[in-house]
Amino acid sequence: MRKIIFFFLSLPVFLNFAAASLPNLTPEKTVNTANTMLQLHASQKEITPELMKRILQNYLEELDPTKTYFIKSDIVQWTDPSEETLEKAVKEYKEGNFTVFQDIYHSMLDAIDVRNEIDKEIQSSDLPTKVDFSEFKDMKWAENREALKDRIKKIRSLQAETAAKLNEELKEKSFQRIAKRQAKYEEELLNPDPNHKFMLTKILKATASAMDTHTAYFTPEEAKQFMINVQQRLFGIGAQLRDDVNGFSVVKIVEGGPAFTGKELKEGDRIIAVDSEPVVGMGIEEAVELIRGKENTPVVLTVIRSEGEGDNKKEIKTDVTVVRGEVVLKEARLETSYEPFGDGVIAYLRLHTFYQDQDSASATDITREFDEIKKNHNVKGVILDLRYNSGGMLSQAVAVTGLFITKGIVVSIKDNTGEVQHLRDLDPSTIWDGPLIVLVNKATASASEIVAQTLQDYGRALIVGDPTTFGKGSFQTFTLNSQSGEVNPDGEFKVTRGRYYTPSGKTPQPDGLLSDIVLTGPLSEIEIGEKYAKYPLEGDSIKPNFDDDLSDISFLNRGRVQMLYKFNLQPRLTRFNRFLERLKNNSSYRVEKNKNYQSFIKELAKTKKDLPEDDEEEQFGKNDLQLTEAMNIM
């Protein structure tokens, strides 16, 4: 089973680490680590002026992640640097000279003094009311001192509004925690650091994240935590949380987890205390550590919950007790059903992830379930639903694709050396060679994009759903040895090594694949996906590989492989092309005449939520509108 802990940050918090956990860095080690990451990276190969500009921006945000210290005019020389500044910084960086970063660091020390003055002024002034949290999305640097003061007052207002719902003792404790956290961070910056370990750590973090969205540098403690989250058994409540400054909102409750079983915690609840410990102003990592604990022990969550509708809507404070348990993703990996049609049925296969363990695997489970449907019914068409499927095991993506094609290349991988390796389906048998729709949305990512795009490339399926998928066509490697678990005292990193490509030679990175027939869904209006990331890995292409020349197989083995492989290869099909225009027009007509669907589309365009729930469509006709229309298309 996959273990999972969910963290979603919508607003940065103070991300600091204890001095004892700082990596054992020197300027020479910093340059060497950066160079190693560059050697391994898919496209960034050296520190260039363009990359340096990103690094400087990241470094500023590493020091001031909440944008509540720096004023735009104080840092404009680094946010909008001249060519001379960048070229000088590049030259110095390569030599292990980090003067520009020291200058920024000293500016941060000056900014702390300004911030402390503002804090004193705020103490004797009224805070604004009815602050809209959306103001803090994608914040820019404050234009001047007054704008900075206004921002800090609004943050304090949100925190005060939440703290007011606690009793007096916890309210005071909450304010003390916020002040203590700020003081600790400032103290860490102000304390003399003769070896510059703090600064060098921030430089490496800024450098890694400048290469692309998924490349990152970890301190030793962070590396250990990363592996714990990925590998070990973790006991908590099974909820996806988002930091909202004034508490931690429950975005989703994992089916089968402790919170799901207990049924007291609700999606939309805002956690403001854990076991009477206020969490407002706390970092999300700290809050999650409070929630975690020994199996079968209770944790009391104080939450703010909205009740009622319209003018009768109000917020109430309540305590919810959840008994901790192992957080295992128990959501159905595979759901199957069928819809009667004519003298047969349309089979529905919803795959949540690409999995394989000692008991089961995606491809074998689909085969077993589909064979059961075929045994009892005349199957007329198949819908493979990959919405919200964020990927999983690449080998299973190949195997699932192979259920619908004969033989051929499914995915190609090009690494940082430029070498291309092909992963092939070698089994000529299929479970279904008839009409096939793959249903996708903007949360269809990685391995699921490979399956959808490969079936599209071969003409085996029509892609239906959101205009595009997520656009995650890259893969990463992590330096920590997961077997030994020994962490490098200089820190660890994960780096983007290359991209995935389908037989057409295209990669989903970063724009995603295009649907053949677009159907609006809950995510259609939301700006999510690789192309919206801060520094997405750029797109790329290789030559098409429909005609497999086995060029990645050694010459000595190529002939033998060719004898076994070069028959019954999957051809490129055009069977659906002549129907496509009619299918689009008919679908558009149905959607236009469907009052529920039109109401849903209007509401979606109006709200444009940051994180819509999976079941948002159910508010409109109590059904899955995208799926219903996909059935109509089939």
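1. Let's start with the core. The largest nonpolar core has 46 residues, and those with the most contacts inside it are Met52, Tyr59, Leu63, Phe70, Phe101 and Leu189. A nonpolar core here is a set of buried Ala, Val, Leu, Ile, Met, Phe, Trp, Tyr and Cys residues joined through side-chain atoms within 4.5 Å. Buried means under 20% relative accessible area, exposed means over 50%, and partly exposed is in between (1.4 Å probe, protein chains only). At least two residues of this core come from each of α1 (27-40), α2, α3 (72-79), α4 (83-94), α5 (99-123), α7 (168-190), α8 (197-211) and β19 (492-501). The helix that gives the most is α8, with nine residues. Apart from this core lies another one, of 45 residues, among them Leu384, Val398, Phe404 and Phe546.

2. A word on what you're looking at. This is a predicted model, where local features need pLDDT of at least 70 and side-chain atom pairs count only at pLDDT 80 or more, while totals for chains, interfaces and linings use all residues. Residues are numbered from 1 along each chain as its sequence is written, and side-chain values use heavy atoms, with hydrogens and water left out. As for the element names, helices (H or I, at least four residues) and strands (E, at least two) are DSSP runs, numbered from the N terminus.

3. Now back to Leu63. Not counting residues up to four places away in sequence, Leu63 touches Phe70, Ile104, Tyr105, Met108, Tyr185, Leu189, Phe198 and Lys202. Contact means heavy atoms within 4.5 Å. The C-alpha atoms of Phe198 and Glu188 are separated by 8.7 Å, with the two residues 10 apart along the chain.

4. Leaving out residues up to four places away in sequence, Leu60 touches Phe70, Ile75, Trp78, Thr79, Ile104 and Trp141.

5. Which residues of helix α11 (residues 284-291) are buried? They are Ile284, Ala287, Val288 and Ile291. Looking down the axis of α11, these buried residues fall within an arc of 100 degrees, so they line one face of the helix. That arc is taken from the directions from the helix axis to the C-beta atoms. Here is the background: an α-helix has 3.6 residues a turn, so residues three or four places apart point the same way.

6. On to the sheet. Six strands form an open sheet in the order β11-β12-β13-β16-β17-β20, and the pairing is mixed. Two strands pair if DSSP finds at least two bridges between them. At the edges stand β11 (334-341) and β20 (517-518), each with a single partner strand, so one side of each has no neighbour in the sheet.

7. Zoom in on β13 (residues 379-385). Six of its seven residues are buried, so this strand is largely enclosed by the rest of the structure. Strand β12 (residues 344-351) pairs with β13 in the parallel sense over six bridges, and Leu349 stands opposite Leu384 in β13. Together, β12, helix α12 (residues 362-376) and β13 make a right-handed β-α-β unit. Right-handed means that, with the strands pointing away from the viewer, the path from the first strand over the helix to the second runs clockwise.

8. Keep walking across the sheet. β13 also pairs with strand β16 (residues 436-440), in the parallel sense over four bridges, with Asp385 opposite Leu439 in β16. Then β16 and strand β17 (residues 462-465) pair in the parallel sense over four bridges, and here Val440 stands opposite Gly465 in β17.

9. Most residues other than glycine have a negative phi, and most peptide bonds are trans. The peptide bond from Gln509 to Pro510 is cis, with omega near -10 degrees, and Pro510 is found in the loop between β19 and β20. Asp275 has a positive phi of about 50 degrees although it is not a glycine. Its place is the loop between β6 (270-274) and β7 (277-278), and at 41% relative accessibility Asp275 counts as partly exposed. Ser446 has a positive phi near 60 degrees and lies in the loop between β16 and α14 (447-457). Is Ser446 buried or exposed? Ser446 is buried, with a relative accessible area of 15%.
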